[in-house]
Each structure stands twice: as structure tokens, then as C-alpha cells.
Amino acid sequence: MSELIGREKEIVQLDIYLQKFLSGAGRIVFITGPQGVGKTVLVENFLDSVRKTYPNLFVAKAECHSSETDTAFSPFNQVLNLLLSTKDSKGRIVVSNKFKKFMLEYSPDIAKLIPVFGTIVSSMVKVSMGVKKILFEKEDDIREESDENRILEQYTGTLFKVAEQTPIILFFDNFEFADDSSAKLLSYIGRRVEGHRVLILVSYDKISDKEHRISKIEKELQSTKISDSLDISRLSKDDVMKIIDSRYSPNDFSRESKETLAEFSNNNPLVVDLYLSNLRDSGKVVFSEGKWHLIATVSEMREMPRSIHELCEKRFEQLSEKLKEILTLASVVICALKSSSFPRL
Ligand SMILES: Nc1ncnc2c1ncn2[C@@H]1O[C@H](COP(=O)(O)OP(=O)(O)O)[C@@H](O)[C@H]1O
Ligand SMILES: [Mg+2]
């Protein structure tokens, strides 16, 4: 994890939300801002210090990826997998005994989606599903909607059950890429979280939230006062220059060139990072005699693309043909694996 530069005000604010939660108020906190502004690094640093100060809390993070927008409940399955796992005497990861019985009895539909349940669940769930099927077939009129509610209830019930034993902090990163089922579940949990020992931090980029799905949930929950919002604004130019110095240490970059980089990137640290990596790829940032040197002129720097997308494309173009082929293949395989591992709802 990168060292956090600046963001003192945001840390104070996150700490206020944490204190509210510790005093018993379950909450959802939305953390918004453009891509690369520093949402992930802020929350990760904050949670790192929370783990040290409060070792008894359960802290888990799940990332949402654009390749998973159709994988039902993906971020929730990731965190429940962590919540329900423990190590046995031989150091193997197994389902925690504390929750095994509860899950199989009350949450069988979701237990089979949680990787740690693996094979133990399949036989037991089959039995319970078999019983349900018989019951369901007796009732002609089981609507899809009540099926969905049952699943939302099972996820929420499991989370609250675990929280009875240990207060939980969850961090869902890049929630704009969450699947629709997870968005529904977040809203469902949000409306019931008060009074439970659960704090959920949700980061997302409003621009990528094209259908305003998460913004809508955020507004809905705000109106009932169970959520808070933290908008992450741009860093100051000085902080961006400090990030450059910490990434390229030691260096002899001139103040003017660092200011130019900050200005071109609109003080966005991710853009600065990509910018400098591109300059390094093309031999304009070099390490010699124990120091980093920047040998690009301002006009050469002006020719560089400035959007995150173009900067990534440019880096990709500079890779060897073999590496490009491997990366393309890997991304196809990962997409295929991810979309086949969980059922679509
Ligand atoms: N305040 C900061 N201090 C140090 N590095 C930062 C800071 N903000 C952003 N960065 C760096 O910039 C890059 C993008 O930050 P990230 O947290 O991934 O942005 P976001 O999650 O908003 O897309 C990362 O490499 C991160 O380490
Ligand atoms: Mg991020």
C-alpha cells in the first residue's frame, strides 16, 4: 500500500463516521470522486490504522471490476467468504464452525455461492433445496420477486448474525462496477443496518455510474439519515509534487517540471503516475548514478496524452508483441472464468 500524502481532513471525517459506528450506529458511507483522485489509497490507509487501533473489529475489502458487472453478488460473496472462513489445526482454510450450522439452515441459497463452503455445502444444500422444491411445487404461485427477497434476506441475515459476534467494517471499492444484484442488496442492507454493528464504506466514481444507480441508492439512504457521504476533492499541487518525490526518490526533477506534471494531470495522482511511467518507457525518465532524472522538455511533455484511458493505451502499445498477446489472452481467460463461477440472477 502506498504511503498517504495529505488528506488530513478526510481522515478526520472518516474517523467521525467510525466513532458513530463504534457507538452503535450501523451506517453506510459513500466515498465519491473521479478515477485516480485517491479514494482507494485513502480508505486503505484509514482501515490499516483502524485494524491496528481496534484489532477486535472485522475489516474486509472487496473490489468490483468492470468484467464482473454480470456476476451476481460478487463483492458480497468475496467479503462473506472472508467473514465465514477460519483456519483449522493443519492451517487449512475452512468454514468457521460458529456459522456453519446457521448458514446451512438459514442461508442455504447463498452458502453455495461462497467459495469456502466448497464441497461440504453441495450435499447439504442439495437436501435442503430438495425439500424446498417439494414445498415450492405445492405452491403454484411463488413469484420471482419473493425468491429475490429471500436471497437478499439471507445475505443480510448472515451479515447481521456475524456482526452479533464481531463488529464488521466492509469496504466495497469501485462499486460503480458492481452487478445489479449487489446494488439491490446494498440498498436492502442500508435500510436495515441501523442498530447493527456493521459499517459499510462504498467507493464509487459518479461519472462511471452512468445509470446513476449508486447515486440513487445514496440519495435514498441519505433521506433516512443512515448514510453519510464523503466527496474526495482534488489534491493540492504541493501534495501531487510530494507524491512525485515519494515515487521517484531521490530525484533531481526541477520544480518547474513537477509543477507542469501536476498541472497537466489536473492534480490527479493516477494521471501523474501513468504520465511518468510513459516517460520512463520512452527513456525520458531514467535512473542513473543513484538518482532519477527527467530529461523531457516541457514541449515533449505537452505531446503526451492526458486522459487515463489514452495513457494506459500508450503504455500497452509500448509492450512487446509477445507480452501484448499474453495480456490479451489473460484478460479473456479471467473474464470467462469470472463469469462462469457464479450464477447470473
Ligand atoms: N493522497 C495520496 N497519497 C499518496 N498517493 C496517492 C494519494 N492519492 C492517490 N495516490 C496514488 O495515486 C494512484 C491512484 O489512487 P487511487 O486511490 O487508486 O485512486 P481512486 O481509487 O480514486 O481511483 C495510486 O497509485 C495511489 O497510490
Ligand atoms: Mg480506486
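Reply: Two strands pair if DSSP finds at least two bridges between them; strands (E, at least two residues) and helices (H or I, at least four residues) are DSSP runs, numbered from the N terminus. The model here is predicted: local features need pLDDT of at least 70, side-chain atom pairs count only at pLDDT 80 or more, and totals for chains, interfaces and linings use all residues. Residues count from 1 along each chain as its sequence is written, while chains are lettered from A and ligands numbered from 1 in the order in which they are written.

Me: Happy with that. Which residue in β9 is the bridge partner of phenylalanine 287?

Reply: Tryptophan 292. β8 (residues 285-288) and β9 (residues 291-294) are antiparallel, with four bridges. They make a hairpin with two residues between the strands, and glutamate 289 in that turn has a positive phi of about 50°.

Me: And what is the strand order in the open sheet of five strands?

Reply: Follow β2-β5-β6-β1-β7, with parallel pairing. β2 (58-63) and β7 (227-231) are the edges; each has a single partner strand, so one side of each lacks a neighbour in the sheet. On average, neighbouring strands are turned by 15° against each other, direction ignored. β1 (residues 27-32) joins β7 through five bridges in the parallel sense, and phenylalanine 30 has serine 229 of β7 as its bridge partner.

Me: Now helices. At what angle do α10 and α12 pack?

Reply: Two packed helices are described by the angle between their axes and the distance between the axes. Axes are lines fitted to C-alpha atoms, for helices over the stretch in contact, and angles run from 0 to 180 degrees between N-to-C directions. Under 35 degrees counts as roughly parallel, over 145 as roughly antiparallel, 65 to 115 as roughly perpendicular and the rest as oblique. α10 (residues 237-247) and α12 pack at about 40°, with axes 10 Å apart, and are therefore oblique. The axes of α10 and α11 (residues 255-264) come within 9 Å and cross at roughly 115°, which makes α10 roughly perpendicular to α11.

Me: How many residues surround ligand 1?

Reply: A residue is near a molecule if its C-beta atom, placed from the backbone, lies within 6 Å of it. Here 18 residues surround ligand 1, the closest being Ser2, Gly38, Lys39, Thr40 and Pro269. α2 (39-53) and α12 (269-281) each supply at least two residues of this shell. Domain bounds come from an automatic or database domain assignment; domain 1 (8-90 + 149-231) and domain 2 (237-323) both give residues to the shell, so ligand 1 lies between them.
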